[in-house]
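The stops below can be followed in order.

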Amino acid sequence: MKKEMRYLVPGDYMADPAVHVFNGRVYIYPSHDWESGIPENDNGDHFNMKDYHVFSTDDVMHGEIKDHGVVLATEDIPWAGRQLWDSDVAFKNGKYYMYFPLKDKNDIFRIGVAISDSPEGPFIPQPDPIKGSYSIDPAILDDGDGCYYMYFGGLWGGQLQRYRDNKALESAVLPTGDEPALPGRVVKLSDDMLQFAEEPRPVVILDENGTPLTAGDNERRFFEASWVHKYNGKYYFSYSTGDTHRLCYAIGDNPYGPFTYQGVILTPVVGWTTHHAIAEYKGKWYLFHHDCVPSNGRTWLRSLKVCELEYDSEGKIITIDGGGE
């Protein structure tokens, strides 16, 4: 289905949105692309982001998009190496917690936390990353009962293939063919929101027969860009398939899953990556995502956009045309 699309920040390159409603406004937490001059490669070195802006609005499709400026930069983070990729923000007990992936000084992705008194920032980073954290793309679910869960992980440049059972491998291993696909991770956060409360668990995606998706099923298997939202009491785990450029989703009965594959949310966009957030505001649902149309297809210069998202009578998401095929 073709939808009315809106570019939210036409004067700059923003991508990988996380979106939440705080204090009656929509807050958007994207990564910030720029022309760093680093050659494109499968490791993602050309995505050399170095700071975050925060945006907000009270009218998603037509209202003013307010830029609250830079709220966190690599130079603010004591353990920083490079590449400040996708982030997310959660609210608890009067504080806002930003979770961000960043390579440390050994070029290993860790996940850090920064804290603010306002959803607009600025965010003050903790001196060290979360103990036991690894890989990229943290997404936070507030389950409404006082528990918060982080979903994370990404293949290739996201380094997830370097770990098994939360332990670093001597060399990376990517499953192939009929082997089970490498899953993302989910972990409950500690009461103070600053650490993991447990060992991260695999996010298992099942096919229609209840069998875990395989590594060779790259049109459906997880690659990166976790997001979770709730609709009609169900948990919708959505994600990117990476090298097949789709946003897909699966449904489960609890935050840990397993999740059963349902279909495609967004067909490929112009550009290699696809990354999103799903949020409800004033009775409507929206898909926030990005593409590379304004930069003429330069995949490291992405532009933030939004459209409405709809469900059918059975709770399935109606597929949206991304315009890239």
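How many cavities of 30 Å³ or more does the structure hold? The structure, which is a predicted model, holds one.

**Stop 1: the cavity**

Select P17, A18, D86, S87, D88, P138, A139, S226, W227, H275 and H276, which line the largest cavity. The elements that give two or more residues to this lining are β2 and β17, the latter spanning residues 224–231. The space inside the largest cavity comes to about 30 Å³. Colour the lining by residue class: five residues are nonpolar, four are polar and two are charged.

**Stop 2: strand β2**

Now select residues 14–22, which make up strand β2.

Begin with D16, which lies in β2. What is the phi of D16? The angle is near 50°, a positive value in a residue other than glycine. With a relative accessible area of 5%, D16 is buried, because that value falls under the 20% cut-off.

Move along the strand to V19, also in β2. Is V19 buried or exposed? V19 is buried, at a relative accessible area of 1%. To see what surrounds V19, show V26, Y27, I28, W227, A277, A279 and F288; these are its contacts once neighbours within four places in sequence are left aside. One of them, W227, also lines the largest cavity. For a distance check, draw a line from the C-alpha of V19 to the C-alpha of D51: the two are 17 Å apart in space and 32 residues apart in sequence.

**Stop 3: S56 in strand β4**

Select residues 51–57, strand β4, and find S56 within it. S56 is buried, with 0% relative accessibility. Which side chain makes a polar contact with the side chain of S56? The partner is the side chain of R25, at 2.9 Å. Not counting residues up to four places away in sequence, S56 touches R25, V26, Y27, E64, I65, K66 and H68. V26 and Y27 are also among the contacts of V19.

**Stop 4: an open sheet**

Next, show β1, β23, β22 and β21. In that order they form an open sheet of four strands with antiparallel pairing.

**Stop 5: two cis peptide bonds**

Select G121 and P122, which are joined by a cis peptide bond with omega about 0°. P122 sits in the loop between β8 (109–116) and β9 (124–125). Then go to G257 and P258, where the peptide bond is cis with omega near 5°. The loop that holds P258 runs between β19 (247–252) and β20 (259–266).

**Stop 6: S135**

Finish at S135, in the loop between β9 and β10 (139–142). S135 is not a glycine, yet its phi is positive, at about 65°. Its relative accessible area is 0%, so S135 counts as buried.

Notes:
Residues are numbered from 1 along each chain as its sequence is written. This is a predicted model: local features need pLDDT of at least 70, side-chain atom pairs count only at pLDDT 80 or more; totals for chains, interfaces and linings use all residues. Side-chain values use heavy atoms; hydrogens and water are left out. Buried means under 20% relative accessible area, exposed over 50%, partly exposed in between (1.4 Å probe, protein chains only). Contact means heavy atoms within 4.5 Å. Two strands pair if DSSP finds at least two bridges between them. A polar contact is a pair of N or O atoms within 3.5 Å; within protein, one must be able to donate a hydrogen and the other to accept it, and residues adjacent in sequence count only if both atoms are side-chain atoms. On a 1 Å grid over the protein atoms alone, a cavity is a set of points where a 1.4 Å probe fits but cannot get out, and a pocket is an open set with protein on both sides within 12 Å along at least five of seven lines; lining residues have an atom within 4 Å of a point. Grid points are joined across faces, edges and corners, and a volume is the space filled by probe spheres set on the points. Ala, Val, Leu, Ile, Met, Phe, Trp, Tyr, Cys and Pro count as nonpolar, Asp, Glu, Lys and Arg as charged, and the others, Gly among them, as polar.
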